[in-house]
Amino acid sequence: MKKRGEMKKVKKLKDMLNDGEHDDPFWWLLQKGIKPSFLCISIFALLVRVAVGLHPYSGANTPPKFGDYEAQRHWMEITLNLPAKDWYRNSSVNDLSYWGLDYPPLTAYQSYIHGVFLKTFDPDSVALFTSRGYESYIGKLLMRWTVLSSDVLIFFPAVLYFVLVYRSMRLGMGQNSDVAWHIAIILLNPCLILIDHGHFQYNCISLGLTIAAIAAALSQKDLVASVLYCLALNHKQMSAYFAPAFFSYLLGKCLKNKNPLLEVTKLGLMVIGTFAVVWWPYLQSKEAALAVLSRLAPFERGIYEDYVANFWCTSSVLVKWKKLYTTQSLRIFSLAATLLTCLPSMVQQILAPSSKGFLYALLNSSFSFYLFSFQVHEKSVLLPLLPLTLLALEERQPLLWLTHFAMFSMFPLLHRDKLVVAYIALYALFILVYFAPGGPSGRCNGSKTRDHSQTTKRGMEFIFSIAFHPLVMGLVGFCSLILHVIYLTMRPPTKYPFLFEALIMLICFSQFVLFTLYFNSKQWMLSKHLTSKDKQKKII
């Protein structure tokens with residue numbers, strides 16, 4: 001009887017495929033559940049990462065300081081050979097001017113663990129002093145494996161955790177193929193792969209911890225979310241881009257509780273406890289703690305360095321900020337501008353905390369930091385891109401547009417690293433996944449969200465029409481394509497050596513500003529939608 005039943009099921013599946021009812025390439029992945037489909041996509045995503053790792057890295061064969069690859073290797077060398085109290089202190093054995101540690105302690109501990117791994121298989125690659133500028137095939141292979149293992153152990157499980165939570169909440173997921181498409185969009189994020197596995201960094205750790213914290217917060221595990229986010233913050237200080245969103249969402253939930261003071265106290269104790277554990281080696285003396293803090297805030301570098309598509313760098317074409325104002329003044333301007341642009345999003349979440357609103361708040365707060373904070377790097381665009389990939393089913397068209405300009409804003413950096421081939425290949429792969437038959441393609445905008453879109457239409461119509469009008473998109477997209485070609489084939493005028501970088505910066509900045517306005521409006525419309533729902537419930 002069982003065999004007959006199984007045979008009937010197989011026959012039914014074959015008939016459905018033959019009839020064309022399920023010509024969806026994602027459909028077959030979901031027949032046995034989310035986890036098998038996640039495994040298949042993860043294996044493919046790992047192979048893509050391995051392929052990108054075959055390309056050059058930041059600073060390859062460019063002495064005397066090489067690049068980010070050498071910085072990460074040097075941190076392994078320092079943490080492995082010196083006691084923890086000397087990792088952030090300038091000395092005869094730790095010259096901070098040569099890639100001194102400038103990330104929080106959790107990065108240092110990660111460097112130590114990876115240093116042990118390298119020492120086991122290639123001791124010369126982390127030997128004190130003699131390993132500076134060390135470049136070998138086995139060394140590159142081992143370093144690439146440290147990033148891959150970080151992805152597998154932290155980023156991938158965090159994505160699975162988020163997708164399971166997101167699906168259980170039914171936040172925008174319609175058919176089963178939406179799940180597979182969403183997983184593929186997050187794991188095959190071209191910007192993250194290019195920076196971590198091409199340029200060479202470990203953003204997968206801090207971003208993975210952040211995704212896990214978001215999933216925990218969405219599943220009402222606020223204490224766990226606090227710990228995970230604090231760990232992300234202690235791995236890379238750039239994770240502070242998400243701090244206003246976490247703070248306002250968790251505070252808003254506490255204020256709606258019967259005993260808000262108790263809830264806030266519990267969260268506060270978890271935060272203090274997590275920081276105390278991570279910072280323990282540096283809490284023994286005030287001098288040691290201040291030494292670490294001074295390394296985390298390199299104000300001496302100025303408000304910007306390279307051509308990054310944020311407000312300060314873009315406006316410097318007209319206003320010479322560094323010449324007109326002191327570093328102290330610019331710190332105040334930057335802090336004020338960042339907080340002011342974060343404030344609307346924070347207020348909305350404190351007044352009306354919601355799961356979807358929290359995801360938009362993460363997007364808005366990270367954009368505020370990217371556009372206005374002090375010392376922003378091109379790679380920082382990974383932070384606003386992360387929550388948008390988590391909202392991919394809700395914001396499908398903006399995801400394509402932002403990913404395009406996020407990649408474009410990093411193009412000069414990736415060109416210097418000789419990653420143009422990987423850049424083109426990953427962009428093409430992203431387009432193939434994005435437009436895959438059977439992907440959401442508007443299904444997430446079904447009946448459940450139509451009422452909401454009607455509610456929000458008036459408030460966002462102007463912004464949306466500017467940002468995503470086909471003619472505007474076509475024109476801007478064509479300009480970015482032409483600039484790619486010009487950058488690769490022509491030399492800028494001698495008088496303006498960074499002309500092409502400036503043009504790329506201006507185009508990308510204009511799009512990022514429109515995104516910021518659009519997503520802030522979208523978040524505020526969510527609270528209006530929730531209010532109208534409450535009124536309808538009362539009437540019923």
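## Starting with a term

A salt bridge here is a side-chain nitrogen of Lys or Arg within 4 Å of a carboxyl oxygen of Asp or Glu. Keep that rule in mind, as it returns further down.

The model you are looking at is predicted, so local features need pLDDT of at least 70 and side-chain atom pairs count only at pLDDT 80 or more, while totals for chains, interfaces and linings use all residues. Residues are numbered from 1 along each chain as its sequence is written, and side-chain values use heavy atoms, with hydrogens and water left out.

## The chain as a whole

Welcome to a chain with 23 helices and 0 strands. Both are DSSP runs numbered from the N terminus: helices are H or I with at least four residues, and strands are E with at least two. Of the 540 residues in the chain, 54% are buried. Buried means under 20% relative accessible area, exposed means over 50%, and partly exposed lies in between (1.4 Å probe, protein chains only).

The chain exposes about 25,300 Å², and carbon and sulfur atoms supply 67% of that area. Accessible areas come from the Shrake-Rupley method with a 1.4 Å probe; for residues, only the protein chains shown count as cover. Among contacts (heavy atoms within 4.5 Å), take those with a separation of 6 or more: 79% of them come from residues 24 or more positions apart.

## Two helix pairs

Two packed helices are described by the angle between their axes and the distance between the axes. The axes are lines fitted to C-alpha atoms, for helices over the stretch in contact, and the angles run from 0 to 180 degrees between N-to-C directions. Angles under 35 degrees count as roughly parallel, over 145 as roughly antiparallel, 65 to 115 as roughly perpendicular and the rest as oblique.

Start with helix 7 (residues 190–200) and helix 8 (residues 203–218), whose axes come within 9 Å and cross at roughly 140°. These two helices are therefore oblique to each other. On the helix 7 side, Leu192, Ile195 and Asp196 meet Asn203, Cys204 and Leu207 of helix 8. By class, this contact has 4 nonpolar, 1 polar and 1 charged residues. For these classes, Ala, Val, Leu, Ile, Met, Phe, Trp, Tyr, Cys and Pro count as nonpolar, Asp, Glu, Lys and Arg as charged, and the others, Gly among them, as polar.

Next come helix 15 (residues 327–351) and helix 16 (residues 355–372), which pack at about 170° with their axes 9 Å apart. That angle makes helix 15 roughly antiparallel to helix 16. Residues in the contact include Ser334, Ala337 and Thr338 of helix 15 and Gly357, Phe358 and Ala361 of helix 16. The contact of helix 15 with helix 16 divides into 6 nonpolar, 9 polar and no charged residues.

## Salt bridges

Side chains of opposite charge can pair when their charged atoms come close.

Another salt bridge links the side chains of Lys266 and Glu263 at 3.4 Å, N to O. Both residues lie in helix 11 (residues 260–279), 3 residues apart, about one turn of the helix. Lys266 is partly exposed at 34% relative accessible area, and Glu263 counts as partly exposed at 22%.

Glu394 and Lys356 also meet in a salt bridge (3.5 Å, N to O). Glu394 sits in the loop between helix 17 (382–390) and helix 18 (396–409) and Lys356 in helix 16, so the pair ties together parts 38 residues apart in sequence. With a relative accessible area of 11%, Glu394 is buried. Elsewhere, salt bridges that share partners join Glu70, Arg73 and Glu77 into one network.

Leu46 lies in helix 2 (residues 34–53) and is partly exposed, with a relative accessible area of 24%. Leu46 and Leu148 are 102 residues apart in sequence, yet their C-alpha atoms are 7.6 Å apart in space. Not counting residues up to four places away in sequence, Leu46 touches Leu148, Val152 and Phe156.

Ser150, in helix 5 (residues 137–168), counts as buried at 5% relative accessibility. Tyr134 lies in the loop between helix 4 (105–121) and helix 5.
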